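Please consult the sequence and the structure shown here before reading the briefing.

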Amino acid sequence: MALLHRPGRPAPTGRPRRLARTTAALAATLALLPPLVAAGGASAQELPAADVDVHVNTQAALGRLSDTARGVNAAVWDSHMNDPEVATLMKTADVGAMRYPGGSYADIYHWETHTAPGGYVAPGTGFDAFMGTVRATGAQPILIANYGSGTPEEAAGWVRYANVTKNYGAKYWEIGNEIYGNGHYGSGWEHDDHADKSPREYARQVRAYAAAMKAVDPTVKIGAVLTAPGNWPDGITGEGDPGDWNHTVLSQVTDVIDFVTVHWYAGGSDTSADTAMSRLTRLPGELREVRAQIDRYAGADSPRIGIALTEVNTNTGGAQLTARPNGLFAADAFMTALENGVFNVDWWNTHNGPGAITTVDGETDYGDMGMLASGACTGDVCQPAPNTPFHPYYGMKMTGELGTAGDTMVAAASSAQDLSAHAVHRRDGRLSVLLINKNPDAARTVDLAYAGFSPSAAAPEVSRYARGDSDITDVTDGGASASRVTVPPYGMLTVTLTPKPGTGSGASAAGTPGTPRLEAVTDTTARLSWAGTTGAARYLVQERDGAHTYLVGETTGTSVTLRNLPPGSTHTVNVLASDAAGRLAAPSDPLTFTTGTPADAACTVDYHRDTSWGNGFVATVSVRNLSDTPITGWTVDWDWPTAGQSVSSGWNATFHQSGRHVRVTAPENAGPLAPDGASTASFGFVGANDGPNPDPTVFRLNGTVCAGG
């Protein structure tokens, strides 16, 4: 029986965990899939009423798919890592990145001797063999330099062998795996031989690794390890540290790194994939907070530093890992992350090993975090033959049906919580929409509406993965239309439409403008600039609200100042070029910015997090009145940036929260706030956060916007 191990952590010896038995056949009693029907189509039966509305806006770009967008992890303890079938399957799924040598094994693995003291290394999994699979797949490697038991010189030697001796062109290099798990915060799974296990020492070593590795090949990209906001140990300040892991590391390395890495497992007390799908709503906020942290320390250089989500899955154990709902989660997670600013998402794992054996949706679930079967057994229950795909593989593969490198992700919004929508505007002008029905019991009939795109009269191309499908299946002749489709229960559809001739961005004589840059920002204004494009008669600046956009600026030049913005407000904008005939080209990539608070405000508020522990914190707030008259009976108001933040209990004031809004009222015996900042009112509270915990952006004293303290 295989030994159990956590993803990213070494197995003691022998083969690592999670492999199981042959896939159970679908029950004969499964109902037939509901047909795809189109409004006004030729179906003889009456069309069902739509119960979901999906709005797609091609004028709201979310960024372009990179050539490394879809990735998988590979581990040196996996004897099937380099089977020829792996490269074939991953190439078919448009996998562009493969991460090696396997999570926490990276911090015990020595590339030159192909050894991992304390862990098992399978035959045939050396670096050159791995690169053979990478090249056969048409992917790029993401390599993890050994931080825990290695040195900058060892890492530089690997760069020399990979890129000088062998000419592999390995671009992306992480410095260690989950180094924050080295015991510095009390819990330790990551091997780390450094006497000083603090984030300060990690940052110092990152600088040393970067210098040594770039001295060999200046073109390599160096990645530093961060913890996902809202996940342990985010917010915890270790003894003697100036701040938590992310803030300490970023404050010292932004000038030498090229990307950061985070890992995200949906987790929760319920480890089912169904619960994980609902927890995906946390991920955009967590990724926004990562970007905000980079912005804080890198400033204008921030756009140069990318974000990679190098491990993702529903959970690190339990059930529903190979079952259908985890396939839906995989598709939803890949696209959610990519739409929110990451250039790479890597599934944990290619093969992993069996865990708890359960039955989910009428099929055997092997408790295996791999995309492909390993063929191993738990007791008398064995997995299918090695490299048989599990449902998460098809979830990832379905995102390849949606778009490939260079295509533009655009905004899509669904009116139903159990139906996710993602959209990609392809370089050839077509539009693809992925619909994921997370309801196991009911089909969802979807009305599709578009902004910035006019579909032709041609029937759309439709790909489906649902009950009864052994692979992604072409159902173009199923009666779908551009305006209405029906998505089977626990199923996915990708609908690809061609534009009406003479319409869309391809009909414009203008090109795509450059990504806007924030030149200056105040409490109420923001000055933006961008690289111009040929054929542009004027430029439109549009702000996005969900999948809807509205015009906020217009100019014939390549800069604009947006005015009358609310203090402390966050905005996401794209720039579109219009040709002389008024036809709009494709939008630029987005820019997100936040306005400040007035420098000459009549009050100041200092918000300070005293301590944090991942899902809770203690904060102290101090208020001063800078006006020339005293204030009696004060109130302080703010809005939480995310829905998961709240006040649990407080002191020295009365607290009331409604939704995200918090109002704090002075205690009955409070004296007046003296003018000219002569006195300070302070109060504190215990807060909770389910997900990221960014500070509020604006505070008001008796309705007046205050400056930061």
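The notes that follow are grouped by topic.

The model is predicted. Its largest nonpolar core has 113 residues, and its disulfide count comes to two.

**Nonpolar core**

- Within the largest nonpolar core, which has 113 residues, Phe 130, Trp 173 and Tyr 202 have the most contacts.
- Helix α8, covering residues 324-339, supplies the largest share of this core, namely nine residues.
- Not counting residues up to four places away in sequence, Trp 173 touches a set of residues including Leu 143, Trp 158, Val 159, Ala 162 and Asn 163.
- Trp 173 also touches Met 213, Val 220, Lys 221, Ile 222, Gly 223 and Phe 259, again not counting residues up to four places away in sequence.

**Pro 84**

- Pro 84 lies in helix α1, which covers residues 84-92.
- Pro 84 counts as exposed because its relative accessibility is 63%, where exposed means over 50%.
- From C-alpha to C-alpha, Pro 84 and Asp 217 are 31 Å apart in space, and 133 residues separate them in sequence.

**Ser 569**

- Ser 569 belongs to the loop between β26 (559-562) and β27 (570-578).
- Ser 569 counts as buried because its relative accessibility is 13%, and buried means under 20%.
- A polar contact of 2.7 Å connects the side chain of Ser 569 with the side chain of His 571.
- Leaving aside neighbours within four places in sequence, Ser 569 is in contact with Phe 593, Thr 594 and Thr 595.

**Disulfide Cys 377 to Cys 382**

- Cys 377 and Cys 382 are joined by a disulfide with an S to S distance of 1.8 Å.
- The torsion about the S-S bond of Cys 377 and Cys 382 is about 100°, so this disulfide is right-handed.
- Cys 377 is partly exposed, with a relative accessible area of 31%, and Cys 382 is partly exposed, with a relative accessible area of 28%.

**Disulfide Cys 603 to Cys 706**

- The sulfur atoms of Cys 603 and Cys 706 are 2.0 Å apart and form a disulfide.
- This pair links distant parts of the chain, 103 residues apart: Cys 603 is in strand β29 (residues 603-612), and Cys 706 is in the loop between β37 (704-705) and β38 (707-708).
- The torsion about the S-S bond of Cys 603 and Cys 706 is about -95°, so this disulfide is left-handed.
- Both Cys 603 and Cys 706 are buried.

**Disulfide pattern**

- With bonded cysteines counted along the chain, the disulfides follow the pattern 1-2, 3-4.

Terms used. Residues are numbered from 1 along each chain as its sequence is written. This is a predicted model: local features need pLDDT of at least 70, side-chain atom pairs count only at pLDDT 80 or more; totals for chains, interfaces and linings use all residues. Side-chain values use heavy atoms; hydrogens and water are left out. A nonpolar core is a set of buried Ala, Val, Leu, Ile, Met, Phe, Trp, Tyr and Cys residues joined through side-chain atoms within 4.5 Å. Buried means under 20% relative accessible area, exposed over 50%, partly exposed in between (1.4 Å probe, protein chains only). Helices (H or I, at least four residues) and strands (E, at least two) are DSSP runs, numbered from the N terminus. Contact means heavy atoms within 4.5 Å. A polar contact is a pair of N or O atoms within 3.5 Å; within protein, one must be able to donate a hydrogen and the other to accept it, and residues adjacent in sequence count only if both atoms are side-chain atoms. A disulfide is a pair of cysteine sulfur atoms within 2.5 Å.
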